[in-house]
Amino acid sequence: MNKKLMAVAVAGALTAPGLAVAQVGGSPGVSLYGRLDTAVMIQKFSTDGAGAISELKKNDIFSPGNALGFRGREDLGGGTAAWFQLETGVWPDGRLENTATNGAHFGGRNSAVGFSSAAGDVLFGIWDSPYKVAYGTGNVVNSGGFASSGIIMGNGDTTGALPNAQCANGVSNASGSIVVGANGVCVTESTGNSTSWSRRNNNSIQYWSPVFSGVQFKLATALANYQGADSAATAVGTQKPKYYSGNVTYARGPLSVAAGYESHEGFRPGAAAGANANPKDNAFQIDGKWDFGLGQVGAAYEQLKYNDNGTVGAAAGNNGGMKVPSWVVNGRANAGPGAVWASYSKSQGGKSCSTANMVIGNAACGVQAKMTVVGYDYVMSKRTKMYVAYAKIDNGWNGTVGSNYYYIAGPAAQGNAVGRGTSAGLIAGTDVTTFALGIQHSF
């Protein structure tokens with residue numbers, strides 16, 4: 001049974017976001033791969049912190065992180081190889097893309113072309129950042145969308161080009177289509193949000209070192225293709241986004257550890273004359289995991305630092321300065337024909353806030369948030385398993401503002417306090433309780 005569990009874990013790892021075909025041997029050619037993970041969810045949304053809406057119970061089918069991809073590798077001689085990967089999201093629950101808005105294309109998940117040699121790998125494309133990849137070292141939850149990375153850790157997950165205040169494009173979870181920003185200047189691709197650290201970046205350039213005695217490091221930047229020209233009409237100056245990300249990992253025997261650092265500049269420009277158009281934000285994390293044979297335990301800690309961009313007073317909104325420390329512990333243990341697993345994560349809430357009642361992304365000043373998950377995997381084969389899960393997200397409320405952590409890329413929440421829930425978003429200060437029955441198949 002341990003061999004069966006290991007096979008499923010390996011199959012999941014090979015298809016998980018952020019893990020590449022690069023530096024993997026094998027004969028040249030093109031291969032097809034993918035992962036389908038779909039769960040029936042029974043959900044309860046509590047009344048929001050302000051008491052503006054009532055409790056809601058409803059059901060959904062959730063398909064997190066599903067992917068279909070092609071990858072290939074060609075030996076160029078002299079120890080050098082060229083490789084590619086094209087990966088797209090798939091939705092077995094029936095999402096319909098609006099091709100009139102975002103165009104039909106294959107890609108959108110980890111997709112790139114690269115070169116591999118004894119000196120390491122270089123790739124160009126859209127890819128998970130090294131900082132995001134580091135989350136995987138301390139994570140042992142791989143069923144459904146219940147891992148804390150991107151939910152509590154990282155202040156959310158995002159995909160797209162570097163942000164630009166003149167764009168503000170997004171991707172609709174309801175249709176899969178791009179929602180073009182008010183100025184309509186970023187029409188060829190969506191832009192990622194300005195506050196999340198679990199990022200998959202368009203226009204990425206990455207370098208991955210060879211593995212030395214279990215140690216490897218990865219470095220990345222992304223090009224700001226939507227940077228605009230100088231304009232006298234811009235009161236705070238020209239936004240010039242810059243992005244740098246890196247990690248160092250060690251894996252040998254039962255121990256795996258990782259450290260990650262990331263820097264954002266110009267992601268959150270000030271909102272008034274005299275403010276800073278290019279504030280610098282940064283994040284640091286450390287992760288670890290131990291395999292004790294019959295199971296695994298993992299933990300991670302991070303601190304996000306959003307620096308003040310010069311906007312003051314009531315207009316500060318999400319543009320001030322704030323620190324957000326968070327941590328997670330999780331584990332899994334073989335049990336019967338599968339494994340039982342659990343995770344607990346917590347955000348200590350925004351600290352050292354430059355403005356009272358500030359909200360940055362999902363985090364609110366002085367407001368804690370917690371997430372508890374327990375589940376069981378029933379292993380059916382090397383590629384297929386069923387699972388059950390219970391998850392509780394506790395979003396805090398301080399009487400004025402609250403946190404609004406929720407699952408990555410859906411499912412639809414309870415709307416808002418205007419006109420019977422006219423939006424699918426999660427209202428701040430709402431707790432979410434979920435029961436799920438799912439199946440995951442990798443190929």
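Lys-385 is buried, with a relative accessible area of 3%, where buried means under 20% relative accessible area, exposed means over 50%, and partly exposed lies in between (1.4 Å probe, protein chains only). Its side chain forms a salt bridge with Asp-377, with 3.1 Å between the closest N and O atoms; a salt bridge is here a side-chain nitrogen of Lys or Arg within 4 Å of a carboxyl oxygen of Asp or Glu. Asp-377 is itself buried, at 2% relative accessibility. This is a predicted model, in which local features need pLDDT of at least 70 and side-chain atom pairs count only at pLDDT 80 or more, while totals for chains, interfaces and linings use all residues. Residues are numbered from 1 along each chain as its sequence is written, and side-chain values use heavy atoms, with hydrogens and water left out.

Asp-377 also takes part in a salt bridge with Arg-332, and here the closest N and O atoms are 3.1 Å apart. Because Arg-332 lies in strand β16 (residues 322–335) and Asp-377 in strand β20 (residues 369–379), this pair ties together parts that are 45 residues apart in sequence; helices (H or I, at least four residues) and strands (E, at least two) are DSSP runs, numbered from the N terminus. Both Arg-332 and Asp-377 are buried.

The salt bridges come to eight by this rule. One of them joins the side chains of Asp-281 and Arg-268, with an N to O distance of 2.8 Å. Asp-281 belongs to strand β14 (residues 280–291) and Arg-268 to the loop between β13 (255–265) and β14, so the pair ties together parts that are 13 residues apart in sequence. Asp-281 and Arg-268 are both buried. Elsewhere, a network of salt bridges links Asp-128, Lys-132, Asp-157 and Arg-200.

Apart from its neighbours within four places in sequence, Ser-198 is in contact with residues including Lys-132, Tyr-135, Asp-157 and Thr-158, where contact means heavy atoms within 4.5 Å.

Thr-158 is found in strand β7 (residues 157–160) and is also buried, with a relative accessible area of 8%. With neighbours within four places in sequence left aside, the residues in contact with Thr-158 are Gly-192, Asn-193, Ser-196, Ser-198, Arg-199 and Arg-200. A polar atom of the Thr-158 side chain lies 2.9 Å from the backbone nitrogen of Asn-193. Thr-158 and Ala-409 are 251 residues apart in sequence, and their C-alpha atoms are 8.9 Å apart in space.

Ser-343, in strand β17, is buried at 6% relative accessibility. Its C-alpha atom is separated by 8.6 Å from that of Val-140, 203 residues away along the chain. Not counting residues up to four places away in sequence, Ser-343 touches Val-141, Val-328, Val-329, Asn-330, Met-371, Thr-372 and Val-373.

A search of the whole structure finds one disulfide, taken as a pair of cysteine sulfur atoms within 2.5 Å. The pair is Cys-353 and Cys-365, with their sulfur atoms 2.1 Å apart. The torsion about their S-S bond is about 115 degrees, so the disulfide is right-handed. It links distant parts of the chain, 12 residues apart, with Cys-353 in the loop between β17 (338–347) and β18 (359–360) and Cys-365 in the loop between β19 (363–364) and β20. Cys-353 is partly exposed at 24% relative accessibility, whereas Cys-365 is buried at 15%.

At the surface, Val-30 lies in strand β1 and is exposed, at 59% relative accessibility.

How values were computed: Polar contact = N/O pair within 3.5 Å; in protein donor to acceptor, adjacent residues only side chain to side chain.
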